[in-house]
Amino acid sequence: MQIGFIGLGKMGAGMARNLSVRFPVKVYDTRPEAVQELVEAGARAAGSAAEAAEGADIVVTMLPGPQEIESVMLQEGGAAAALGTGAIWIDASSSSLDAMEQVKKAYPDAGWTALDAPVTGGVPGASAGTLQFFVGGERRDYDRAFDVLSTMGDPKRIVHVGGQGTGYTVKLCLNLGFFLHVIAGAEVLALGTKAGVDLGVLHEALTHSGASSAFLENDAAQSLFAGDYKEYFRLALVLKDIRLAVDLGRSVGVPLEVSALVEQIHRRALLTYGDGGQLLAVRQLEETAGVSLRHTGS
Ligand code: NAD
C-alpha cells in the first residue's frame, strides 16, 4: 500500500510520521523544512502535490481549508490529475463539501474516489495516533481505507457518518459548538469574577450546574487558568471553521444568529493579537473587562 501525504503542518506532521512507520509514504508541503523532517522520519520527499499522488493507493490531504485544497488538487502540479484508477483521496482537513465537489467535477470520468474524513484530538492525538475520524463517503471506500485511518487514529473512534460531506458537517458542528461555548463560558467567568466571587469557587459551581461545558470542565481548568490560550490551534483556523459552518447554515436554511455574532468576536481577537491561540478571544474579554482568569487550582 503506497501512501501520498500532502500538508505537513501541526497536525499533518504527526499523522504522516505514524503512517511512515507502517507504509511507504511520499510527502509534500510548500515548506521544505517540513518535508525534510518527515524524510528524516523515513518518508520519501515529493517535489509537488502531483508527485505525492502518483502511484499512490491512498492520498491524504491535511491542509488549512477549501482554498488550499482546491489549489493542491487542481492547480499547477495538482494532485487530482495524478491520482490513478482505484485510488482513494482522503481529505482529513476541516473543510467543506463544496471544495471537494469542485475537485470531483473537474475529473468527472476519473477512476478514483474520495472520503471526507476530518478529525478531532488535536496535535497530541495526531502525534500519538489516537485521532477520532468522522468519515463521509461510500462504505466500501471507508472499509478499504480503514487500515490507513486506524494507523492515524483510534480504531474504536473511526466513525462512518454517511454520504459524502457528512464527515465535514459533523466536524463543523463540533467546532462551531465548542467556539460558542468558549465565549459563553468566558463571559460568565468574567462576570462572576469581576463581581467579586473567587474564580475557583465560581468554576466549581458552574461545572456542577446546567451551565457547564467541556470548555469549562477541561480547557478552562487545564489551559486558560494557567494563562495558556492554546496555541496549537490557530485563530485563523477557528475563523475558517465558524465561517464554513455559518455558510452551511445559509445554504441549508438554518438561521445561525448567535454563531454569526460569535464569529465577529473571534475575528476581533485575530485582528488584535494576530494568528495566535484559539482562546485569544477570552484574553480580549479579560483585558476589556479588567479581570484576570488565572487560578492555580483548589
Ligand atoms: P497548519 O497551518 O499547521 O498546517 C497546514 C500545512 O499545510 C502547513 O504545513 C502548510 O505549509 C501546508 N500548506 C498550505 N498550503 C499548501 C499548499 N498549497 N501545498 C502544500 N502544502 C500547503 O494547520 P493544522 O493545525 O495542521 O490544521 C490542518 C487542518 O486540520 C485544518 O483544516 C484544521 O482546521 C484541522 N484541524 C486542526 C487541529 C489542530 O489542533 N491544529 C485539530 C483538528 C483539526
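## Ligand shell

Of the 26 residues around the ligand, Met11, Asp29, Pro64, Arg234 and Lys240 come nearest; a residue is near a molecule if one of its heavy atoms lies within 4 Å of it. The model is a predicted one, in which local features need pLDDT of at least 70 and side-chain atom pairs count only at pLDDT 80 or more, while totals for chains, interfaces and linings use all residues. Residues are numbered from 1 along each chain as its sequence is written, and side-chain values use heavy atoms, with hydrogens and water left out.

From Leu63 it is a backbone N or O atom that lies 3.0 Å from an oxygen atom of the ligand. Taken alone, the ligand exposes 840 Å², and the protein buries 90% of that; these areas come from the Shrake-Rupley method with a 1.4 Å probe, and for residues only the protein chains shown count as cover.

## Pocket and contributing elements

The space taken by the ligand is the largest pocket. Pockets are found on a 1 Å grid over the protein atoms alone, as open sets of points with protein on both sides within 12 Å along at least five of seven lines, whereas a cavity is a set of points where a 1.4 Å probe fits but cannot get out; lining residues have an atom within 4 Å of a point. A molecule sits in either if more than half of its atoms lie within 2 Å of the grid points.

Helix 4 (66-74), helix 6 (122-128) and helix 11 are the elements that give two or more residues to the shell around the ligand. Helix 4 gives the most, with 3 residues. Helices (H or I, at least four residues) and strands (E, at least two) are DSSP runs, numbered from the N terminus.

## Aromatic cluster

The structure holds 5 aromatic pairs. Rings of Phe, Tyr and Trp (its six-membered ring) pair if their centres lie within 6.5 Å; planes under 30 degrees apart count as stacked, over 60 as edge-to-face and the rest as tilted. Phe178 and Phe215 have ring centres 6.4 Å apart and planes at 70°, so this pair is edge-to-face. Because Phe178 belongs to helix 8 (residues 166-194) and Phe215 to helix 10 (residues 214-222), the pair ties together parts that are 37 residues apart in sequence. Both Phe178 and Phe215 are buried, a term for under 20% relative accessible area, with exposed over 50% and partly exposed in between (1.4 Å probe, protein chains only).

The rings of Phe179 and Phe233 have centres 6.1 Å apart and planes at 15°, so they are stacked. Phe179 lies in helix 8 and Phe233 in the loop between helix 10 and helix 11 (235-252), so parts 54 residues apart in sequence are tied together. Phe179 is buried at 2% relative accessibility, and Phe233 is buried at 19%. Ring pairs link Phe178, Phe179, Phe215 and Phe233 into a cluster.

Helix 1 (residues 12-22) has 8 of its 11 residues buried, so it is largely enclosed by the rest of the structure. Among them are Gly12, Met15, Asn18 and Leu19.

Ser93 is located in the loop between strand 5 (88-91) and helix 5 (97-106), and at 1% relative accessibility it counts as buried. Its side chain reaches the backbone nitrogen of Leu63 at 3.0 Å. A polar contact of 2.6 Å also joins the side chains of Ser93 and Asp91.

## Other buried positions

Lys230, in the loop between helix 10 and helix 11, has a positive phi near 60° although it is not glycine. Lys230 counts as buried at 11% relative accessibility.

Gly136 is part of strand 8 (residues 131-136) and is buried at 0% relative accessibility. Gly136 and Thr166 are 30 residues apart in sequence and 4.9 Å apart in space, C-alpha to C-alpha.

Technical notes:
Polar contact = N/O pair within 3.5 Å; in protein donor to acceptor, adjacent residues only side chain to side chain.
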